[in-house]
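Here's a quick look at the aromatic side chains and what they pair with. The structure comes up next.

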Amino acid sequence: MSAPSSSLVFVNAAQVVTCAGPPRARRGAEMRDAGERTDVGVAVDGNRIGAVAPVGPLREQFPKAQEIDCRGGVLTPGLVDSHTHALFGRPRFEEQELRASGLDYMEIARRGGGIHASVRDLRAQSEDALVAAARTRLMRLAAFGTTTVEVKSGYGLTLEDELKSLRAIARVARELPLRIVATFLGAHEIPLEHRVSAARRAEYLDLVVKEMIPAVARGELARFADVFCETGVYTVEESRTILEAARRAGLLLKLHADELTSSGGAELAASIGATSADHLAAISEAGIAALSRASTVATLLPGTMLFLGKTTRAPARALIDAGVPVALATDFNPGTSPTPNLPLVLSLGVSQLRLSAAESVVAATVNGAAALGIAERTGQLAPGYSADLTLFDVRDVRELPYWYGDNRCTATWVRGKPCHSS
Ligand SMILES: [Zn+2]
């Protein structure tokens, strides 16, 4: 039996950006249409969108609805941040200065910093402490308009610490009004204690494949498995072995691919049927061609390149021209992208990756949902979809990437319930 339904009607929006269309990622020219309407309101019936129509008929159809006055703002589908590492302990602010003084990301990692520092730290933290930290940080993401967020494990790198991380993510998901999707990233790094020899390295791979993945699947602790496929981390062949094991266990697949060097990650993601291939700042022509023949979403993370001070950029235009669906996400993490601000990533999408404003909004709504395999549930304002909405204090959707770094989000709703309000 369903709970008694409560209905809402959103009125006085300068624009309603619906992103309405088929329940799948947008490609090519489709990405240019964010479905902006200036003549409509939105009715929410219980936890779903009831109708998108002129306000007069909405009021007649939902006479008992509570009215929400949008005050001339822009109403969009709740933003979807499809790539974060939001479960961590201590922030790593000291590395920013090290990079400024000339040490690169891989050199900091070789010295025991980078991901290894977060691993040492997370292993020492209790599950309760991790839950408390994640709760606060995820509500910072929510404050910028995000209503769905993917959260990866990957700072534990032992069976026990990876399970602790995923249990913490599950607890936060139950407590917070946000929609949270969990990803198992036990292959985020080779832990230092397994880097001492080839045999010890093989042992860790075995642990991921034979113990961690089965335990994660048994506990239903993650929807996705992910691997950091990169020169110096996991090879393409190791990544394939791990992802194939994850698929056999019933997990959907993601891949950190071609972030710093072109290593064939995109080709692997396409050939193995990954739901998304993420980063891609160093993707090759062959990688673009491979993705164009697959259904994999290319999730671009320009905030990371900006924060690392790199001038290379993912070839977003070439990807879109090749028909690859593109999503944008924050990559929120303690080392290389500590921003909770997804609208800022939209700004970078336009100014650095040369997307249009509409393309950037589609990339962070319907295509973000597709990158999480939930495009039939969220990412658009259309009847039957989850009532996930974000209200911005702007008059035109093009202002979302324009006021870069500002927070124009005034309120969000998830499944028809208030999530954030400023
Ligand atoms: Zn990542």
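## A buried ring and its partner

Phe-332 has a relative accessible area of 6%, so it is buried (under 20%; exposed is over 50%, partly exposed is in between; 1.4 Å probe, protein chains only). Phe-88 counts as buried too, at 5% relative accessibility.

This is a predicted model, where local features need pLDDT of at least 70, side-chain atom pairs count only at pLDDT 80 or more, and totals for chains, interfaces and linings use all residues. Residues are numbered from 1 along each chain as its sequence is written, and side-chain values use heavy atoms, leaving out hydrogens and water.

## Aromatic pairs

Take rings of Phe, Tyr and Trp (its six-membered ring) as paired when their centres lie within 6.5 Å, with planes under 30 degrees apart called stacked, over 60 edge-to-face and the rest tilted. By that rule, there are three aromatic pairs.

Phe-10 and Trp-413 make an edge-to-face one, with 4.8 Å between centres and 90° between planes. Phe-10 sits in strand E1 (residues 7-11) and Trp-413 in strand E17 (residues 409-414), so this pair ties together parts 403 residues apart in sequence. Strands here are DSSP runs (E, at least two residues), as are helices (H or I, at least four), numbered from the N terminus. Both Phe-10 and Trp-413 are buried.

Back to Phe-88 and Phe-332: their ring centres are 5.8 Å apart with planes at 55°, so that pair is tilted. Phe-88 is in the loop between strand E8 (79-81) and helix H2 (94-100), and Phe-332 in the loop between strand E15 (326-328) and helix H13 (342-351), 244 residues apart.

## Charges over rings

The cut-off here is NZ of Lys or CZ of Arg within 6 Å of the ring centre and within 35 degrees of the ring normal. Lys-254 puts its charged end over the ring of Phe-224, 4.7 Å from the centre, and Arg-408 lies over the face of Trp-403, 4.4 Å from the ring centre.
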